[in-house]
Amino acid sequence: MNQLDSSKRTLGVTFNTQGQAEVYVWAPKAEKVAIRLSRDKKNISLSKGEMGYWQTTSPDIQPGDAYKIVLDGTERPDPASLAQEDSVHGNSVAVDVNQFEWTDGQWKNIPLEDYILYELHTGTFTPEGTFAGLEQKLDYLKELGVNAIEIMPVAQFPGSRNWGYDGVLPFATQNSYGGAEGLQHLVDVCHKKEIAVILDVVYNHMGPEGNYLNDFGPYFTEKYNTPWGQALNFDDAGCDGVRKYFTENLLMWFRDFHIDAVRMDAVHAIKDFSATHILREMKQCVNQLMKETGRTHYMIVELDLNDTRFINPLEKQGFGMDAQWVDEFHHALRVTAGGDRNGYYVDFEGLSHLAKAYKDAYVYDGQYSPHRDKIFGIKAENNPGQQFIVFSQNHDQVGNRMLGERTSQLTSFEMQKLLAGAVMVSPYLPMLFMGEEYSEPNPFLYFVSHTDPELAEAVRKGRKAEFAAFHAEGEAPDPMAESTFQESKLQWNLLDQEPHSTIFRYYQTLIRLRKEVPALRQLNRHQLTVETNENQKTLVLTRWNDNQRVVCLMNFSKTTQQLRLPAHASSWTKLLDSAAPEWNGPAAAPEQAKEASTVVVQPESIQIYTNHA
């Protein structure tokens, strides 16, 4: 493992305690390297050191100075730029991250098992589309009850409209969002309001426009391919500089921006056969940082492999990731709710697979997968519930649909409430996607703002081709059109209208129950039972903690069903009924019920009972 100094960033332009700029650039192929200041067109030469690193110390560079790195006479943005003046092609800007005055010294990260996550996209979450705009909605999120916001990627991308996965400068915070200082200020305010901040980071590929990394060194390898082109070089010749680059990036977010957790995009596309996998190495470095600072940070991964090696602890030779997204819970839930069974959904059978997801996290843990045409997955028997994040929708599952329809446009109002309940009563960490809590009808479409005309046209054609085989009506919206971006923005005025205000109160109640009811709050995966009835399309989930039991009766059919409460208690007290009139439902279940009694469960609804009032 490379020994990194976790106490400070070394790459790019940094400022020491004497106020001098230290410049450190990895360019093993270059013969000459300099930094060129924009204000006076002055070149400052760098000296070549070991392992392809070039460096200098200079009093002539100040925070706010625009510059470029000059490689053998060719000017390029700094790969470790913390800010871009205007675009991914233009000048980098020197930033002293230590100039920000933090006020969150008393903040302690929330225990992972208590996270209630809320995924959002900065550009479409508010009318302003900025970090400052986001700050104005934090009280709303507190009122909702979530305590951790997951921000889609903010690394600098072309233009001002992008999901964030086309970033090409991982250290630079998107200027149209508010830049580095804007992000620091947002995190500081979040901590003041006791909200944790999760940042989505992309270490599996770079975007196609403004990607100049190959001019500096062997950042990519031809050994592997990813869905986005050549893989980043984590294990081929010259990979040490790449590993350092991304590890320093991760440490920067935690140390200099006080980010509480990262969500690492599609880590199954990180190709690394090194003796120490890059994720394991990153975890070791983060552990060292936490030891030095006393702060706690989590590493959450998006993972499509059902492989516990990623989330097993370091001492069990795992990679040590703290948690992972579980798409399979979503897929089983959507099919159970009557969703289409095309694409990867062909693998999912509905109720039986939803029951398995509640019990085993992974639906496929050693069975044959028709979609993959192979035996897939491994059992996750020894991984606690807090290691799995579940949801009824997220940016991918909405935005990768041709028309970007949310659940609100695909299911009934009653089913929306059932889906929310099914997620919130799981023994896993629940995550909402922005706007679902008030049934936002606007889509979340795929949008970009590439400045390269050829690339823009290629993206348009690619999007159309992707959905050519789909029989859905209409045509894929133009990803380059500003209207596509504007149509994806949340409509905050709806909160004062029905049925949006009612479902918002329903989500508040669900989240409050999740926090307050011990049998729901504790995440012991072994203290639960699941029973299904395929004919009725019903599922009964029972969870317990000490002497408290909670029974969740779910009816996914379009007709009323009769379900029997367990005989574990002399009487049962109702905690929630999604079909009650207070939630604009058709009829309320009884407040009290005797042991083993039968209750009527309305169509597409969930009832929650407990033996402890």
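A contact here means heavy atoms within 4.5 Å. The model in these figures is predicted.

**Figure 1. Contacts and burial in the chain.** Of the contacts between residues at least 6 apart in sequence, 71% join residues at least 24 apart. Buried residues account for 62% of the 613 residues. The chain exposes about 23500 Å², and carbon and sulfur atoms supply 46% of that area.

**Figure 2. Overall dimensions and secondary structure.** The chain holds 16 helices and 31 strands. Along the principal axes, its C-alpha atoms fill a box of roughly 80 × 50 × 50 Å. The radius of gyration is 25 Å, which agrees with a compact globule, because a globule of 613 residues would have a value near 25 Å.

**Figure 3. The hairpin of strand 1 and strand 2.** Strand 1 covers residues 12-15 and strand 2 covers residues 21-26; the two pair in the antiparallel sense over four bridges. Together they form a hairpin, with five residues between them. Glycine 19 lies in the turn and has a positive phi of about 85 degrees. Within the pair, valine 13 stands opposite valine 23 of strand 2.

**Figure 4. Strand 2 beside strand 6.** Strand 2 also pairs with strand 6 (residues 53-58), in the antiparallel sense and over six bridges. The bridge partner of valine 23 in strand 6 is threonine 56. Valine 23 also stands opposite valine 13.

**Figure 5. Charges of the chain.** The chain carries 57 positive and 81 negative charges. The mean positions of the positive and the negative charges are 3 Å apart.

How values were computed: Residues are numbered from 1 along each chain as its sequence is written. This is a predicted model: local features need pLDDT of at least 70, side-chain atom pairs count only at pLDDT 80 or more; totals for chains, interfaces and linings use all residues. Side-chain values use heavy atoms; hydrogens and water are left out. The radius of gyration is taken over C-alpha atoms; the globule rule is 2.2 Å times the number of residues to the power 0.38. Buried means under 20% relative accessible area, exposed over 50%, partly exposed in between (1.4 Å probe, protein chains only). Accessible areas come from the Shrake-Rupley method with a 1.4 Å probe; for residues, only the protein chains shown count as cover. Lys and Arg count as positive and Asp and Glu as negative; His and the chain ends are not counted. The place of a charge is taken as NZ of Lys, CZ of Arg, CG of Asp or CD of Glu. Two strands pair if DSSP finds at least two bridges between them.
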